[in-house]
Amino acid sequence: MLDEIADLLDLQGERFKPNAYRRAARSLEALGEEVAAVSARHELDQIPGVGAAISAKIEEFLTTGQIEYLDKLRRDVPPGLRELLQLPGVGPKTVRMLHLTLGIEGPQELAAAIEAGKLKGLAGFKDRKIELLRGGLAALGTSDGQRRPLLEAWELAERLVARIRAGAPVDQIVVAGSLRRRRESVGDLDILATSAAPAQVFRVFAAFPDIEAVRGQGETKMTVVIAPGIQVDLRVVPPESFGAALQYFTGSKDHNVRIRSLARDLGLKVNEYGVYRGDALIAGRTEEDVYAALHLPFFPPEIRENRGEIEAAEAGQLPPLVPAAAVLSDLHVDFRAVESWGNLGEWKASAVAAGLKELGIIWPEGKSGSEARALRTQWDDNGMERAPIRLRLGIERVAGAAGALSDPFDFGISVPTRRGGVATPPKAMVGPPSVTPWTVSGLRTSSSTAGAADPIEAWIRWAVATGTALEVTPSPERDGLDSGAVRAAIAAGARLAITSRPERPEDLRHLGVATGIARRGWATPSDLLSGSLPPAPRAPRRPRN
Ligand code: DGT
Ligand code: CA
Ligand code: CA
């Protein structure tokens with residue numbers, strides 16, 4: 001409490017008092033007995049740094065459990081400023097400076113200031129520190145207005161849609177917005193539906209568990225906040241406008257600005273209700289209709305960012321993005337996940353449900369060979385080959401780790417990982433020639449969480465030079481390439497390995513989310529490793545023991 005008083009006084013710009021409270025706090029920490037015992041002997045003021053004012057506050061706490069002075073300070077300082085104190089590497093002096101120079105009063109304003117580049121050049125704000133702040137803000141997570149990792153938003157959306165479908169008569173229901181574009185972070189969810197009974201749809205929506213607040217409700221739109229603070233907009237639109245609404249609310253804003261201007265050139269008007277010539281509605285039921293009315297091909301949602309897709313379409317050169325249904329391999333299932341969900345039958349069922357034809361199960365280096373052989377036996381006993389799903393086994397080791405890579409099982413695949421290793425790629429991957437470096441795992445390319453992103457360019461060059469693919473996962477803030485890195489990798493000629501990085505069998509369905517990130521990076525089938533897998537391993541050795 002004394003430290004908190006010091007922080008709050010610092011926020012108010014007090015010069016000497018904060019350090020007096022901190023000194024007293026340090027003395028109490030070093031006390032070696034209960035402060036109540038010292039108080040009982042009336043010796044509080046003999047503690048170094050504890051004068052009359054502080055000892056009175058300690059007495060107050062011991063008798064009432066509170067310190068009125070602290071309570072008043074808490075009331076006086078804006079709550080947003082106190083929240084900022086929780087950020088890594090941010091003390092009261094920094095918060096006060098941000099408050100005074102940029103008028104920042106809380107996490108949202110700080111996030112906006114970072115995005116607007118206002119922190120650049122401020123004394124003490126190197127790029128790395130700004131990255132840390134950005135990550136810290138994302139992790140604060142408690143207040144509204146935070147962007148969420150794609151996968152978290154996707155899972156919430158999945159539950160919401162399933163619930164609405166189960167409880168109300170909906171014809172079409174699609175989550176639009178940044179989630180449909182598979183943006184790596186999502187601000188809020190934008191759900192669109194058509195229904196013969198909109199009121200019932202809204203009733204079911206409002207009854208979703210974990211709703212923190214209802215922000216607004218009209219005839220056609222309802223906005224709620226779902227714990228922990230994710231805003232969700234639901235719109236029920238007429239079927240003849242569904243395509244136009246979907247096009248409008250999928251965005252991105254920049255893409256839509258271009259679309260509207262192309263429409264103007266054709267003497268047309270486009271909005272969330274449809275495409276109009278004068279007052280006549282000429283398209284709106286489907287997105288395809290909307291784009292066709294503007295003489296444009298259908299744009300896959302993932303590339304609607306005004307990053308060259310309009311020009312590509314005009315030149316008739318939209319890339320043939322890898323279809324989600326074409327990704328039939330999940331190339332990096334961590335053995336530890338299989339181990340902790342030991343029933344291979346469940347993995348098989350999930351893999352079949354996800355339409356997979358191949359699973360790569362990867363050992364962390366150092367695990368024993370008997371476990372691998374036991375898995376192989378279990379696999380055969382479960383009839384996995386008849387599913388038919390091919391099993392590939394491999395070893396993951398830190399890229400650049402010294403010493404020969406032992407491959408006792410003869411599986412022939414290795415996964416150099418950045419995880420736990422250095423941020424820049426090694427000169428060479430050490431290993432026996434029988435081992436094919438397959439995918440690079442553990443790269444973090446999105447800076448939306450704490451810590452800076454890895455220097456991806458160097459890894460891309462290394463992947464190209466060593467013939468190793470780069471992993472694309474549904475969680476680039478944790479590991480894997482984000483869509484920007486995907487685009488850079490493709491431009492450099494690197495291959496991609498798409499994986500759901502599942503923790504549980506049911507997570508295999510996240511492969512589609514990872515595929516979305518690859519598509520967002522303009523990946524086509526020929527950019528995938530799965531299009532040209534290394535030769536199948538030698539016939540599985542069934543141990544007899
Ligand atoms: P988010 O939620 O920050 O992750 O990103 P979005 O893209 O989902 O943005 P959001 O939820 O504000 O709006 C959804 C879509 O609706 C957006 O991508 C484009 C469209 N939209 C929203 N507001 C406007 C606007 O003021 N002008 C235009 N042209 N489009 C808008
Ligand atoms: Ca949104
Ligand atoms: Ca929205």
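Tutor: What follows is a short chat about the metal sites and the ligand in this structure.
Tutor: The model is predicted, so local features need pLDDT of at least 70 and side-chain atom pairs count only at pLDDT 80 or more, while totals for chains, interfaces and linings use all residues. Residues are numbered from 1 along each chain as its sequence is written, chains are lettered from A and ligands numbered from 1 in the order in which they are written, and side-chain values use heavy atoms, with hydrogens and water left out.

Student: Which protein donors hold the calcium ion (ligand 2)?
Tutor: They are Asp188 (O), Asp188 (OD) and Asp190 (OD), at 2.2 to 2.6 Å from the ion. Donors here are N, O and S atoms within 2.8 Å of the metal, or 3.2 Å for Na, K and Ca, and sites may look incomplete because water is not among the atoms.

Student: And what about the calcium ion (ligand 3), which protein donors does that have?
Tutor: Asp188 (OD), Asp188 (OD), Asp190 (OD) and Asp233 (OD) lie 2.2 to 2.9 Å from that ion, and along the chain its donors follow the spacing D-x1-D-x42-D.

Student: How far apart are the two calcium ions, ligand 2 and ligand 3?
Tutor: They are 3.8 Å apart, and Asp188 coordinates both.

Student: Is Asp190 buried or exposed?
Tutor: Asp190 is buried, with a relative accessible area of 13%, whereas Asp188, at 22% relative accessibility, counts as partly exposed. Buried means under 20% relative accessible area, exposed over 50% and partly exposed in between, using a 1.4 Å probe and protein chains only.

Student: Changing topic, which side chains make polar contacts with ligand 1?
Tutor: Among them is Arg147, with a side-chain N or O atom 2.7 Å from an oxygen atom of ligand 1. For Arg181 the corresponding distance to an oxygen atom of ligand 1 is 2.8 Å, and a polar side-chain atom of Asp188 also lies 2.8 Å from an oxygen atom of ligand 1. A polar contact is a pair of N or O atoms within 3.5 Å; within protein, one must be able to donate a hydrogen and the other to accept it, and residues adjacent in sequence count only if both atoms are side-chain atoms.
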